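Please examine the sequence and the model shown below before reading on.

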Amino acid sequence: MSILSIEFLLLAAGTLAVYYLLPLKYRWIALLAGSAAFVWFSGWQSMAHLSAAALVMWGGGLLLRRKKSRLLLGTLLVLDLGAMAFLKYYPSLSGAELILPIGLSYFTFQSAGYLIDVYRGKTEAQKNPLKAWLFIGYFPQLSQGPISTWKEIGPQLMEGHRLEPEKMVSGFQLMLWGMFKKMVIADRLAATTTALLKGEAMPGWFIAGGVILYTIRLYLDFSGGMDVIRGISRMAGIELPENFRRPFFSQSVAEYWRRWHITLGAWFRSYLLYPLTTSRAGIALSKAASKVLGKKTGRSVPTALATLLVFLLIGVWHTANWNAVIFGAYFGIVMAASTLLEQVWKTMRTTLNLPKKGWMSPVRLVRTLLLVLAAQYFAFTPDPATGFSLMSGTFANWDFSAFADKMSGVMEPLEWIIAGVGCLIVLVIDIVCERKIDIGGKLAATHFWIRWPVLLLLILAIVVFGIYGAGYDGAAFLYTQF
Amino acid sequence: MAETEEVLKAAETAAETAVTETQTADSTAEAAAAAAREKKARRKKLAGFGIRLVCFAVLTVALLTYATYVLTPKNDYGICSMVTLYRQEPDTIDVLTVGTSLGYAGINTNVLWKEYGITAYNLCSAEQPFWVSYYTIQEALKTQHPKVILLDAKPSIYTRDYSKRGRTILSTFGIRDPINRIGAIEACVEKPEDAVSYILGLPEVHSNYKKLEWSDFVFPPDNGGRGDSWKGYIESDVIEKHEKPSVVWNSTKRNMNAREEEYARKIFELVNEKGVLLVLIGLPNPDYANDHMYYNALWSVAAEYGITGINYNDPNMRFGLRYTTDFADWQHLNVKGAVTFSRKLGGDLQTWLNLPDHRGDPKYDSWEECAKSWYSKYSEFESSAWEKNPLDWFDPEELPGPPMEGEFPAPPMEGEFPEPPAEGELPGPPMEGEFPAPPMEEEFPEMPPEGGPPENELPIQDQEGEVS
């Protein structure tokens, strides 16, 4: 069930209605029922797997509370993450066909994080198995996250919330905004990616443009879905963590990964990167490296290596193929190099008297974008050969004589205009938000005779220009497959 | 003294306690009052929110309904004939044709009006199955009470249990009554859950923003510039050469698709219940050889309800149709073929049903207006044209000779048609000036070369447009 399908929206509306009709104390049951219905309609395999994961998480949490055992934690994590790894990677390695439960990665990371937090004493173990189920099975976030901790959303899910008109309006707005980004723009740009994979000879500008548009499409698809999920949750008084914060405004690759898929990065940082760098082996390595490379650089060696490992894992988490390895390794190397060479960059800046802000900001922005774009060649291509071929093709044949033909071969002019206007609107809104102006909040708080026309226009744009209905399959989200 | 002091002290303490208690009671009362005020304010806030929510929902529904209206194609065959039906004066249509594109291409309502004064209307759409015809007839009978409904027999050959997406839109989006419209949609779709998007409308038509024109935004809906007086006939100027189908004219039947049969029966029950005369009609088409056994099955089913029909593919039915020049494609009559056929049809309807001639009656001015407009574009099809040069029109082998014994069309059932002509009272030759006299053998000019006469001899206009 796609989160943009009529069935899902009806389920969400029904769950919200029941939620606010129930007494405060029992409102979590409405969320549980809605989530159970969603998982059930996704297939009994999803229900079985999620319930098993919830049971392991709940039981494991109680055991860890009783006895803080590393061995126990390790066993539970192997069970949890091992099941995910098996279901994700065994089919591609063996050729077997297995049905992936919906939200496999998201609920697995969430339950693993919960167990680690209980072990660390950061979270109390949940005594109620149904509440434990709800924590990982909460239906809006099953499709594509965000990956939350118990501390972030547990109490919000379990305690009932009173109906707040401001949150209802704000949540509804956010949901519409997400639908606009996904259905009007991202799905429309799908044709550009298809064009790149046709295997025909293409001019360099066409390839470059296609890769840029794919990156934009991925951002709008993913962030649009996130907005829908957060919007629906906000209408129930639940504030899910943000997963995208205008990543294309980043001034470095590190900042990019703090703005892109924020909760995935946060999960790996909290549960892998920091434990590795602060482990005994990490500290020992730091000391040894300091002797060779100096204190400042030496200290960053464990971080660099851990970063490389984290990004390799992030790469293969997406999919089990060589493209994923290249994608992950690329970012890992860039980030690791950035960490190791931090002192070198600082010295260079001081020597060359380069300003921290001013004209350097757009230079860093463009540099970051180029570094990010380079990785995208391996994000949408089926194999490394195609990725490298497109990459080398980007630098050849910048002949614009067939520009009009090529563009109209991908989409009709009117479609380009719609996509272009849509991207412009998103850019303007993002620039405003980047200046710390909460435009959504301001709209939600304004008079209804200003707000309503905006919302009605947004609804009209979505239902008229949205890519959905017969003949379209663009409503499938790119990140649901994970 | 000490006692007085004690009493005073006790009184003081009591007074202090009373004050404290009063203060506590006051603050409790204040808190209760504050809570009550807050509750009231919250109720007011929620009530205000509820009202605004309802108003917003109403506005949204209104906007989306208007958007659906704008984006629904109105010019397309099927939708435009339904849209224009609602503009006809109530109880003015005597002959209502319901069925597929063979109907709207083959029955020229202007010829029926001009030459017989028959008020006919074609309520047809491409590949219209019987389940759509059923709901269409129900819808039409709300405002019209035709003397006869001509039901196109073509759907008897269809094998699909559902309608294709585009056909569903064409067949159902013009229906106004929500119950009939939903019924037709539910009958069209392959799976019940598919009906939702058609019922809502917008999910199916929203991509038509690419084809919008200013006329789509106004009321009443435009019908492709055809005007209110249009009667559902769509001509095609294309000429495609065909040969007369070679049909083994037997009574062998082939089972119809179960759904088509189910709804054919529903139609027959409906018309019998409403007391409306329904006649099956087999419009001529070059591909008939494949259809014959299905038509037999349909006739057989219809006979159970006392319903009969006229099959103009009968090789014994000769009325001058020329297969080399009178068809636009393998299914549809072109403009010339439709004129030839409609003359025959009109004559038969007059003979069998004695339909009133409404020419001159101002109540039926819209037919006059429609015919005038049509003939101004197709003046070569005025009666005088073929009277002068009959062989430019008719295939001599297809002209009706004197009917042979036993070749008479099956008489109508008692009470439905007028009494069949008594033996010996066969329809005589056409009256002078109405139909060309069948050429006598010695009057035959040289036969045209194989393949039909050269194009420049045909009184056919430029080939434009096509019939779907």
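The model is predicted. Chain A contains 22 helices and zero strands. Its radius of gyration is 24 Å, close to the 23 Å given by the globule rule for 482 residues, so chain A is as compact as a globular protein of that length. Among the 482 residues of chain A, 38% count as buried. When the contacts of chain A with a separation of 6 or more are considered, 75% of them come from residues 24 or more positions apart.

The domain assignment divides chain A into domain 1 (6-158), domain 2 (165-244 + 393-465) and domain 3 (249-380). Between domain 2 and domain 3 of chain A, the C-alpha centres lie 28 Å apart. To their contact, domain 2 of chain A brings 10 residues and domain 3 of chain A brings 10 residues. On the side of domain 2 that touches domain 3, helix 10 (residues 204-235) of chain A gives the most, with four residues. By class, this side of domain 2 has five nonpolar, three polar and two charged residues.

Helix 2 (residues 27-41) of chain A may be followed in detail. At 1.5 Å a residue, its 15 residues should span 21 Å, and the end C-alpha atoms are 22 Å apart, which agrees. The buried residues of helix 2 of chain A include Trp28(A), Leu31(A), Leu32(A), Phe38(A) and Val39(A), and Arg27(A) is also one of them. What covers the buried residues of this helix includes helix 1 (6-21), helix 3 (44-66), helix 6 (129-137) and helix 7 (150-158) of chain A. Just after helix 2 of chain A, Gly43(A) takes a positive phi of about 130°.

The last topic is the contact between the chains. Chain B contributes 19 residues to it, and chain A contributes 15 residues. On the side of chain B that touches chain A, at least two residues each are supplied by helix 1 (2-71), helix 8 (195-200) and helix 9 (202-205) of chain B. Helix 1 of chain B gives the most to this side, with 10 residues. The residues on this side of chain B divide into 11 nonpolar, three polar and five charged.

Methods. Residues are numbered from 1 along each chain as its sequence is written. Chains are lettered from A and ligands numbered from 1 in the order in which they are written. This is a predicted model: local features need pLDDT of at least 70, side-chain atom pairs count only at pLDDT 80 or more; totals for chains, interfaces and linings use all residues. Two residues are in contact if their C-beta atoms, placed from the backbone, lie within 7 Å. Ala, Val, Leu, Ile, Met, Phe, Trp, Tyr, Cys and Pro count as nonpolar, Asp, Glu, Lys and Arg as charged, and the others, Gly among them, as polar. Domain bounds come from an automatic or database domain assignment. The radius of gyration is taken over C-alpha atoms; the globule rule is 2.2 Å times the number of residues to the power 0.38. A residue is buried if 20 or more other C-beta atoms lie within 10 Å of its own, exposed if 12 or fewer, and partly exposed in between; C-beta atoms are placed from the backbone. The expected span of a helix is 1.5 Å times one less than its number of residues.
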